[in-house]
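I opened my notebook and went through this model one feature at a time. Here is what I looked up, in the order I looked it up.

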Amino acid sequence: MSNSEIAQPEAQYGEVRPAAHRRARQSIEQRVWSMSGIIAILLLWQLGASSGLLPARFVSSPVAVMKTAVTMTLEDNLLRDVGVTLTELFIGMTIAIALGIPVGLLAGWYRRLRYAVDPYLAALYATPSLALLPLLVLWFGIGVKSTVVLVIISAFFPIVINIMQGVATVEASYLRMGKSFGAGQIRIFRTIVLPSTIPFLASGLQLGVARGLIGVIVGEMYAASSGGLGYIISVAGSTLAVDEMFVAVTIITALGILLLGSARAFEQRMQRWKPGALE
């Protein structure tokens with residue numbers, strides 16, 4: 001075996017390293033610039049509140065919000081409210097995903113079923129789910145049930161519609177190729193359709209998580225009986241407790257960033273096989 005043949009794996013590994021380093025450098029650069037924008041806004045906010053340019057009674061300040069967050073954690077059991085919101089969101093999203101994925105796959109795979117349900121799915125998707133909240137309270141009462149159902153309705157339709165479109169838009173040439181090799185319907189569905197649907201599933205999950213988070217907060221604002229971040233905003237709004245409202249809004253924003261980041265990470269992980277997906 002010649003030396004050139006022995007050195008080949010190192011050369012291939014060396015070709016991969018620059019791409020990995022470039023992605024890592026871009027990720028660090030993106031995070032630095034994102035954090036710099038947040039830090040600049042917080043500094044300007046604090047300077048405006050401290051100098052009196054911004055009315056502290058209505059806009060508070062980052063330092064006051066942090067002090068209030070510590071007080072709420074120690075005295076008002078803020079972590080319990082965060083737990084209530086996460087529990088309602090988790091239950092609602094789990095049910096929405098468990099129902100949405102099979103319905104989307106079946107409606108996308110079977111043409112006649114898609115024709116039957118597509119108009120209703122499109123109409124219900126366009127209907128603001130928050131408008132159904134009074135009916136949900138009437139049907140399920142004030143409390144966790146109505147909030148969870150609102151999360152399910154908010155997240156279900158984006159997941160179903162995206163998956164259905166993903167299945168329906170699979171390249172016909174791939175399906176013909178699978179049939180030409182003698183693959184059955186189940187094998188074509190498992191090896192061609194499902195992998196092609198992953199990007200649409202990830203997009204549906206991102207939309208579903210965003211709409212589900214909105215649903216759980218609005219549901220708690222109007223139909224909560226056991227606490228939650230939306231309940232905190234509702235009570236703080238009625239008493240003009242601006243600091244407490246900012247604490248709840250900050251936690252909700254952080255949850256949204258974390259959940260959407262997790263959905264994007266899932267999408268990238270499921271598409272590692274795709275050339276150029278991580279570029």
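In which helix is Ile39 found? I found Ile39 in helix H1. (Helices are DSSP runs of H or I with at least four residues, strands are runs of E with at least two, and both are numbered from the N terminus.)

Ground rules I noted: this is a predicted model, where local features need pLDDT of at least 70, side-chain atom pairs count only at pLDDT 80 or more, and totals for chains, interfaces and linings use all residues. Residues are numbered from 1 along each chain as its sequence is written, and side-chain values use heavy atoms, with hydrogens and water left out.

**Overall fold.** I counted 11 helices and 0 strands in the protein chain.

Met35, Ile38, Ile39, Leu42 and Leu43 make a nonpolar surface patch of about 460 Å². (Patch residues have over 30% relative accessible area and no salt bridge; like charges are joined within 9 Å, nonpolar side chains, Val, Leu, Ile, Met, Phe, Trp and Tyr, within 5 Å. A salt bridge puts a side-chain nitrogen of Lys or Arg within 4 Å of a carboxyl oxygen of Asp or Glu. Areas are Shrake-Rupley values with a 1.4 Å probe, and for residues only the protein chains shown count as cover.)

**Aromatic pairs.** Rings of Phe, Tyr and Trp (its six-membered ring) pair if their centres lie within 6.5 Å; planes under 30 degrees apart are stacked, over 60 edge-to-face, the rest tilted. I got 3 aromatic pairs by this rule. Trp45 and Phe246 are tilted because their planes sit at 50°, with ring centres 5.0 Å apart. This pair links helix H1 (residues 3-51) to helix H11 (residues 242-270), 201 residues apart. Trp109 and Phe189 have centres 5.1 Å apart and planes at 70°, so I logged them as edge-to-face. Here Trp109 is in helix H4 and Phe189 in helix H9, 80 residues apart.
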